Amino acid sequence: MTLGELLAVLRRRWYLMMPITLIGLLAGGYLYTSVPVTYASQSSVSLLDSTAVAKLAPTFGNPIANAGGSLVVTADVLIRTLQSTDAAKSLSGMGVTDRYTVGFAAQASGPLVGLAVTGTDRDKVLKETETLTRFAGEQLQALQSASQVAPQYKVTAAPIVLPQTPVSQMKARYQRVAAVIIAATAAGFFLSFATESYVLTRRRRREGADRLPKPPPRPLLPGRGLLRRQLDATTVLTGYLALAFFIPSNLALPALGGVGTPANVFALLGLLWYVASWLTGRITPAYGTRGPRLVICVLAAAVLMAYVADATRSSSHEEVLAADRGLIGLLVWVALVVLASAGIQDRDRLDTLMRRIIVMGTVVAAIGYYDFFFATNIADSIHIPGLNSSVASVTTLDRGSFVRPRSTTAQPLEFGGMLAILLPFAVQQAFDPVRKGASALRRWGPVVLMGGALPLTVSRTSIIGAAIVILVLLPRWKPQRRWAAIGLLTVSVGVFKVLIPGLIGTITTLFSTFLSNSDSSTQARTVKYSAIVPYLKERPLFGRGFGTFTPDLYFYTDNQYMLSLAEMGLLGLVALFTLYFCGIHQGGAIRRIARTESDRELGQAFFASALVALVASATFDALMFPMFAGMFFLTLGAGGSYLGFLRREGARPAGPGAEPVTRQSAVPAARTAPPQLVES
């Protein structure tokens with residue numbers, strides 16, 4: 001469906017689109033003028049060890065030197081105490097009547113508690129923050145006195161950041177206004193095309209069009225303007241990929257928060273285009289492609305149940321907004337799966353999309369090399385008017401003597417994980433017989449750049465992802481190719497050891513300290529796992545709400561499975577495993593029913609990619625990073641589309657007189673013309 005046809009429908013149904021949109025604009029304007037400006041003040045309190053413990057090694061009298069370990073658990077107990085109803089009543093009696101939040105300070109691995117108060121009176125907010133900060137120290141002493149702790153063993157609370165001057169918070173106002181306007185516009189859009197679909201169906205029945213050939217589409221006027229150009233799902237997804245890869249994923253629209261990246265907004269517009277094309281009969285989901293859409297429905301059910309669970313508890317305003325953003329993120333994932341699995345009607349166009357993913361991913365990998373060797377983050381120099389960073393502070397991260405690159409992603413872990421799930425497809429395309437005419441640089445350049453960028457991140461996630469790709473792909477190759485690959489991998493390790501001294505040793509140390517349980521990063525994660533258990537016990541089935549367990553309010557989990565348990569409960573964990581196993585199943589099914597060796601290798605690539613996502617989710621909160629999540633759901637939908645093409649090919653007779661199986665034969669030879677849109 002072209003943009004011109006889409007606009008023509010909206011023009012014919014103006015009596016629906018214009019009034020509903022106008023109502024949304026008026027409601028948004030009313031909210032903007034009626035909602036008062038809010039002010040927020042923050043402070044931070046650090047827990048310090050007792051004087052008796054501080055005398056021992058390794059602190060030797062300095063309690064700040066031992067701000068970790070069991071004090072993190074003590075800080076969690078203090079946070080829960082301050083979040084209790086009894087504490088709220090006590091604070092209300094002390095004059096703290098505005099909304100306040102208590103949680104672990106953002107990006108803090110130690111017992112640093114963040115306190116914040118939000119209200120409409122600037123002076124009152126500052127006084128309430130001072131009261132809350134003082135009350136936190138008093139509650140800590142009261143808890144220890146109730147347990148009859150000796151004075152020399154009492155933990156103390158020291159203000160690290162004093163109550164700050166309240167600053168205006170316009171983001172909440174913008175989010176409310178944007179939500180109302182977007183909801184009204186979307187409602188008018190859907191209602192307009194639903195009406196168009198109803199009128200089309202009624203007209204066909206009245207004229208007996210169900211028994212007659214469909215009329216050809218109205219010829220377009222001469223010219224190839226933007227409004228007359230035919231759109232398909234591959235074109236829409238290519239636009240999404242360009243925005244996702246080349247605009248830093250930490251840049252987003254202020255009114256939408258972290259999910260408001262340009263790529264996500266474009267994906268939502270693509271979903272509207274698909275719905276409009278489907279309602280007017282221009283696109284029909286092909287047979288055998290519904291697997292990814294079924295599992296995304298399971299995830300949607302888990303997210304919606306978690307949203308209801310969040311609405312039934314006394315959640316903070318920040319958690320309510322986070323749950324709303326979670327719904328937007330879900331719609332983005334739905335858009336990617338639907339467009340890739342149901343929107344692509346031609347096998348060649350699907351192959352084109354996969355090649356474009358690898359080409360753009362290669363450019364992102366090349367940017368990572370620049371970051372590594374020049375010890376910088378090129379994404380920090382990219383500033384786009386109208387977009388703000390959704391991350392408080394993104395700086396270069398070091399490990400050993402190396403700067404960990406992140407390219408245009410939000411974090412080195414996301415950079416490595418994203419490349420790991422794309423690497424199998426780069427290898428498959430390099431061996432694809434269809435691309436034999438391409439030069440060796442075009443075929444093997446992406447493999448070298450992506451594979452070589454993985455060790456540069458100096459992370460266990462990247463190395464584990466690369467190992468999974470190797471272990472899945474190698475056994476399916478013929479001995480000649482397998483031994484050649486093993487030899488090249490061995491040479492590559494030697495090249496890294498010579499060109500980048502110390503890199504291989506640093507990576508080896510990462511795994512040796514992990515296996516010996518002497519790694520500080522692993523120990524910090526273990527402490528967080530024990531701290532998250534009480535939240536799981538509170539709401540084991542549906543969780544606290546998808547997207548609400550944010551580091552600003554709680555802490556980093558660094559594990560997608562633990563995060564899903566906290567936010568969506570057991571139902572969410574089941575939905576997450578269903579997603580990953582669906583991708584693994586699709587890869588195995590493609591490999592099993594494929595008639596050509598190229599398609600078998602493609603199935604193995606989908607299998608390896610999904611397995612990487614399954615394992616990587618245990619090393620960081622993978623789906624909370626937009627680029628990693630986008631590539632996973634896009635490949636999940638593409639796997640379902642490939643499986644549908646192969647199933648339709650397999651349904652054809654394979655006798656001597658049968659039509660030979662080619663990539664073009666996966667597309668129906670004769671296509672019915674799209675229905676003519678109704679004139680008003």
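**Notes on the predicted model**

1. Let's start with strand β2 (residues 99-104): 5 of its 6 residues are buried, so β2 is largely enclosed by the rest of the structure. Buried here means under 20% relative accessible area, with a 1.4 Å probe and protein chains only. Strands are DSSP runs of E, at least two residues long, and helices are runs of H or I, at least four, numbered from the N terminus.

2. A quick word on the source: this is a predicted model, where local features need pLDDT of at least 70 and side-chain atom pairs count only at pLDDT 80 or more, while totals for chains, interfaces and linings use all residues. Residues are numbered from 1 along each chain as its sequence is written, and side-chain values use heavy atoms, leaving out hydrogens and water.

3. β2 pairs with strand β3 (residues 112-119) in the antiparallel sense, over 6 bridges; pairing takes at least two DSSP bridges. For R99, look to T118 as the bridge partner in β3.

4. Now the helices. The axes of α13 (residues 412-431) and α15 (residues 460-473) come within 8 Å and cross at roughly 15°. The two are therefore roughly parallel to each other (angles under 35 degrees count as such).

5. On the α13 side, L413, G416, A420, L423, P424 and V427 meet T461, S462, G465, V469 and L473 of α15, contact being heavy atoms within 4.5 Å. By class, that makes 7 nonpolar, 4 polar and no charged residues, with Gly counted as polar.

6. Finally, G588 sits in helix α19 (residues 560-593) and is buried, at a relative accessible area of 10%. Its C-alpha atom is 8.1 Å from that of F606, 18 residues away along the chain.

Terms used. Axes are lines fitted to C-alpha atoms, for helices over the stretch in contact, and angles run from 0 to 180 degrees between N-to-C directions. Angles under 35 degrees count as roughly parallel, over 145 as roughly antiparallel, 65 to 115 as roughly perpendicular and the rest as oblique. Buried means under 20% relative accessible area, exposed over 50%, partly exposed in between (1.4 Å probe, protein chains only).
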